Amino acid sequence: MKKHHFGGIVILLFLIGLTLTACKKNDAKVTVVGSSAMQLLAEQAGNDYRLVHPNSNIVVQGGGSGTGLSQVQAGAVQIGASDVFAETQKGIDAKKLRDHLIAVVGIVPIVNKDVGIKNLTTKQLSDIFTGKITNWRQVGGKNEAITVINRSKGSGTRSTFEEIILKKAKPIRSQEQDSNGTVKKIVASTPGTISYISLPYANDKNIQKLSLNNVVASNHNIVDNSWTLWSYEHMYTKLNPNKQTRAFIKYMLGKKVQDDLVSKIGYLSINKMQVKRDSNNQISKLGN
């Protein structure tokens, strides 16, 4: 009887141990949701982080900046990745979130290679996305109808594009796509198409990247705002994130990511910028 009782205690302790281990692993989970532009960087950084911290559990998902901000505000995830400032989004109380600027990413217009265009002015690009220009012949290309592929509503990339290029003009109704990868595939395979994607995703010979006002989209030109089409990559957390979240944010801002991984993947380190942009889209030199 005593042996049976002792065996029951051992089994109970074992089950308690399993439960505590499961809870510990769950506590260590850091979920990053939001910007598809930042997904490439966050995924690779998460993989590298797990190699150094084998007990960590970094989960990265897309869904768009709006989703990231709403999810972190609701406490459903630990980190909301966003291309836009939280204070610019309806329904988001930015005062209850902490902003961590992780990197800068360029945005580049892309077209199907058959259109015969490599450069546009900012006004021409705006006129295409607002429906004033409808044929590539109007901007020096072939006689072919223009098909616009826009990004989904809630996309930080779209918000940035429309703020900088369209100003307050209304875009035409068009097909909308959420991910950089999907947009790239559609533009590569569909004659006459134009869209825009994050610069790190634009390394594909099957699409034509456009320069604007004869300025090439490159990190070198983003540094001083010569290439104006860029945004910050934010990681938003609660004001007092848990230990695991703080540790991962610290890693993202550390030398390994900022000095190596960021540029390796095609982003730009915050530390290399000569200018800054505020939530009202105003540019000023750093130090001012």
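## How confident is the model?

pLDDT is the predictor's confidence in each residue, on a scale from 0 to 100. What you see is a predicted model, and its average pLDDT is 90. Of the residues, 90% score at least 70. Residues 13-26 are a stretch to treat with care: their pLDDT is below 50. Beyond near neighbours in sequence, that stretch makes zero contacts in the model.

Let us begin with helix H4, which covers residues 122-129. Which residues of H4 are buried? They are Leu-125, Ser-126, Asp-127, Ile-128 and Phe-129.

After H4 comes Gly-131, with a positive phi near 85°.

## Helix H9, seen down its axis

An α-helix has 3.6 residues a turn, so residues three or four places apart point the same way. Keep that in mind for helix H9, residues 255-265, where Val-257, Gln-258, Leu-261, Val-262 and Ile-265 are buried. Looking down the axis of H9, you find these buried residues within an arc of 125°, so they line one face of the helix. On the other side of H9, Lys-255 and Lys-264 are exposed.

What covers the buried residues of H9? The cover includes helix H2 (36-52), strand E4, helix H8 (243-253) and strand E12 (268-269). H9 is followed by Gly-266, which has a positive phi near 120°.

## A cavity inside

Rolling a probe the size of a water molecule over the atoms shows where empty space is left. How many cavities of 30 Å³ or more are there? The count is one, and the largest cavity has a volume of about 40 Å³.

Its lining is made up of Ser-35, Ser-36, Gly-64, Ser-65, Asp-83, Arg-151, Ser-155, Gly-156, Thr-157 and Asp-178. Seven of the lining residues are polar, three are charged and none is nonpolar.

## A lysine in a loop

Finally, find Lys-170 in the loop between H5 and strand E7 (175-177). Is Lys-170 buried or exposed? Its relative accessibility is 71%, so Lys-170 counts as exposed, the cut-off being over 50%. Along the chain, Lys-170 and Trp-136 are 34 residues apart, and their C-alpha atoms are separated by 20 Å.

Notes: Residues numbered from 1 in each chain as written. Predicted model: local features only at pLDDT ≥ 70, side-chain atom pairs only at ≥ 80, totals over all residues. Heavy atoms only, no water. Buried < 20%, exposed > 50% of the residue type's maximum accessible area, 1.4 Å probe, protein only. Helix = DSSP H or I, 4+ residues; strand = E, 2+ residues; numbered from the N terminus. Contact = heavy atoms within 4.5 Å. 1 Å grid on protein atoms, 1.4 Å probe; cavity = no way out; pocket = protein on both sides within 12 Å on 5 of 7 lines; lining within 4 Å. Points joined across faces, edges and corners; volume = space filled by probe spheres on them. Nonpolar A, V, L, I, M, F, W, Y, C, P; charged D, E, K, R; others polar. Arc of directions from axis to C-beta.
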